[in-house]
Amino acid sequence: AVVFDGATVKVGSSTVDGATYTYIWQKKGENGTYAAITELTDSTGPADAGDYTLTVTATKNNDELASATWNFTIEKAALTATFVAEDKEYDGDTAVDDYKSLNVTGILGNDELKFSLRDIAFVDANVGEDITVTAKLVVEGEAAKNYNIPGTAETKANITPKPLTVN
């Protein structure tokens, strides 16, 4: 298997003089069956992550000289997400209203992806330091299908005591 790196697959350049080559590229669908990729007709193959087959047939003077089929996988590339959460004053709730920053690494080439966090929360509502904060990572963009996307990210933040006012 090859890990997705944004490049396309290219078949080697060995040829037989006077032979004609046909390339049939297929991609495995969600239902488990392979379907032809009709826009690929030469030795340059797919760039997206997925399971593929390629059948190359060499013919000369209307005679089939050889035919071979290869199966291969382009695996999804990994993304890593980290974020910095805001400290908050004790309010009896685990919810986090905002975060300072979100950093995602592992994006390849010119892939355009949009990231956001939701369901950001402390694992404990009590006052303390270095309390784990978790969040769900949301990714948008056509290229998202080429990446292993972490479902959650986590960091540490503090819950400080709420000042008491005595009347």
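Colleague: Which pattern does the protein follow when read along the sequence?

Modeller: The pattern is β-β-β-β-β-β-β-β-β-β-β-β-β, with zero helices and 13 strands. Helices (H or I, at least four residues) and strands (E, at least two) are DSSP runs, numbered from the N terminus. This is a predicted model, where local features need pLDDT of at least 70 and side-chain atom pairs count only at pLDDT 80 or more, while totals for chains, interfaces and linings use all residues. Residues are numbered from 1 along each chain as its sequence is written, and side-chain values use heavy atoms, with hydrogens and water left out.

Colleague: Why is K88 called buried?

Modeller: Buried means under 20% relative accessible area, exposed over 50%, and partly exposed in between (1.4 Å probe, protein chains only). K88 has 13% relative accessibility, so K88 counts as buried. D91 has a relative accessible area of 48% and is therefore partly exposed. Of the 167 residues of the protein, 29% count as buried.

Colleague: How do you know that D91 and K88 meet in a salt bridge?

Modeller: A salt bridge is a side-chain nitrogen of Lys or Arg within 4 Å of a carboxyl oxygen of Asp or Glu. For D91 and K88 the N to O distance is 3.0 Å. E89 and K162 also form a salt bridge, with the closest N and O atoms 3.5 Å apart. That pair links distant parts of the chain, 73 residues apart: E89 is in strand 8 and K162 in the segment after strand 13 (152-160). The whole structure holds six salt bridges, and D48, E142 and K145 are linked in a network of them.

Colleague: What makes a negative surface patch of E86, D87, D93, D97, D98, E129 and D130?

Modeller: Patches are made of residues with over 30% relative accessible area and no salt bridge, like charges being joined within 9 Å. Asp and Glu count as negative, and the place of a charge is taken as CG of Asp or CD of Glu. D93, one of the patch residues, has a relative accessible area of 39% and is therefore partly exposed. D93 is found in the loop between strand 8 (88-89) and strand 9 (99-105).

Note on methods. Patch = residues over 30% accessible without salt bridge, like charges linked within 9 Å, V, L, I, M, F, W, Y side chains within 5 Å. Areas by Shrake-Rupley, 256 points an atom, 1.4 Å probe, with all protein chains shown as cover.
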